[in-house]
Amino acid sequence: VLERLLQRGKKIDVAIWVIYPSHLITVSDGGWTTRVKVSKDEHSWLYWFAEQYNKTRISKAILATLGWGVNNTDYYTPEWSLYDGEDSYAESGYRKFEQAAKDIKGIAVAHKIEVIPLIIPSKSQIALNFDGVRPPFKLRHKLEADLPNRRLSDILQRAGFSRDDQIDLLSVFIKNGKESDWRSYYWANDAHLTIEGNRLVAGIS
């Protein structure tokens with residue numbers, strides 16, 4: 001985006017880089033899909049069975065609770081890998097983020113732009129922190145709500161963004177969530193920020 005704006009002759013002095021930890025899953029090799037996949041060419045019958053199974057309601061319920069699924073989109077389980085230090089599902093996403101951080105820093109230095117990384121916590125992070133909410137398939141795992149933020153901060157620092165230049169809103173959401181209902185910051189049936197959540201971000205940043 002910075003490059004496109006600069007190509008259009010836009011004058012940029014300061015830019016805020018919004019970072020949402022869950023997007024590490026979006027750019028990872030596996031993405032938002034089940035970890036188990038069956039090839040149609042190699043196992044045609046299993047592939048057919050999986051296709052029929054995925055049309056049932058119970059397939060989504062089992063995926064959300066037990067983490068079992070095959071050949072399906074999965075908006076339930078991948079994010080939890082970010083909070084589990086022993087789960088490597090998002091490693092490719094971290095590597096891509098590190099390259100992006102280096103590229104953005106290079107552009108910023110070349111054009112004398114102050115880039116401020118702004119990390120906004122996900123709904124699952126806040127729920128994990130306050131209520132210990134987690135899916136059954138992670139019950140026996142040690143989950144840390146701030147783990148992706150710490151890793152992102154380390155990557156940003158290696159890329160040339162000092163910790164003083166970074167804004168991590170996880171602690172802000174937690175502090176304000178103690179004084180009011182943290183659920184008001186996110187839509188009930190959606191992981192995006194509500195008007196209240198956006199007001200909180202705007203007021204801090």
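These entries come from a predicted model.

Entry 1, a helix. I looked up α5, which covers residues 91–110. At 1.5 Å a residue, its 20 residues should span 28 Å, and I found the end C-alpha atoms 29 Å apart, which agrees. I then listed buried residues in α5, among them Tyr94, Phe97, Ile104 and Ile107. What covers the buried residues of α5 includes the helices α1, α2 and α7 and the strands β1 and β2. Just after α5, I noted that Lys112 takes a positive phi of about 55°.

I found Ser59 in helix α4. Ser59 has a relative accessible area of 2%, so I put it down as buried. Its side chain reaches the backbone oxygen of Tyr53 at 3.5 Å. Leaving aside neighbours within four places in sequence, Ser59 is in contact with Tyr53 and Asn54.

I counted 13 salt bridges. One of them joins Arg35 and Asp87, with the closest N and O atoms 2.8 Å apart. Arg35 lies in the loop between α2 and α3 and Asp87 in the loop between α4 and α5, so the pair ties together parts 52 residues apart in sequence. Arg35 is partly exposed at 47% relative accessibility, whereas Asp87 is buried at 11%. Both belong to a network of salt bridges that also includes Asp84 and Lys138.

I also looked up Glu196 and Arg199, whose side chains meet in a salt bridge at 2.9 Å, N to O. Both lie in helix α9, three residues apart, about one turn of the helix. Glu196 is partly exposed at 38%, and Arg199 is exposed at 54%.

Terms used. Residues are numbered from 1 along each chain as its sequence is written. This is a predicted model: local features need pLDDT of at least 70, side-chain atom pairs count only at pLDDT 80 or more; totals for chains, interfaces and linings use all residues. Side-chain values use heavy atoms; hydrogens and water are left out. Helices (H or I, at least four residues) and strands (E, at least two) are DSSP runs, numbered from the N terminus. The expected span of a helix is 1.5 Å times one less than its number of residues. Buried means under 20% relative accessible area, exposed over 50%, partly exposed in between (1.4 Å probe, protein chains only). Contact means heavy atoms within 4.5 Å. A polar contact is a pair of N or O atoms within 3.5 Å; within protein, one must be able to donate a hydrogen and the other to accept it, and residues adjacent in sequence count only if both atoms are side-chain atoms. A salt bridge is a side-chain nitrogen of Lys or Arg within 4 Å of a carboxyl oxygen of Asp or Glu.
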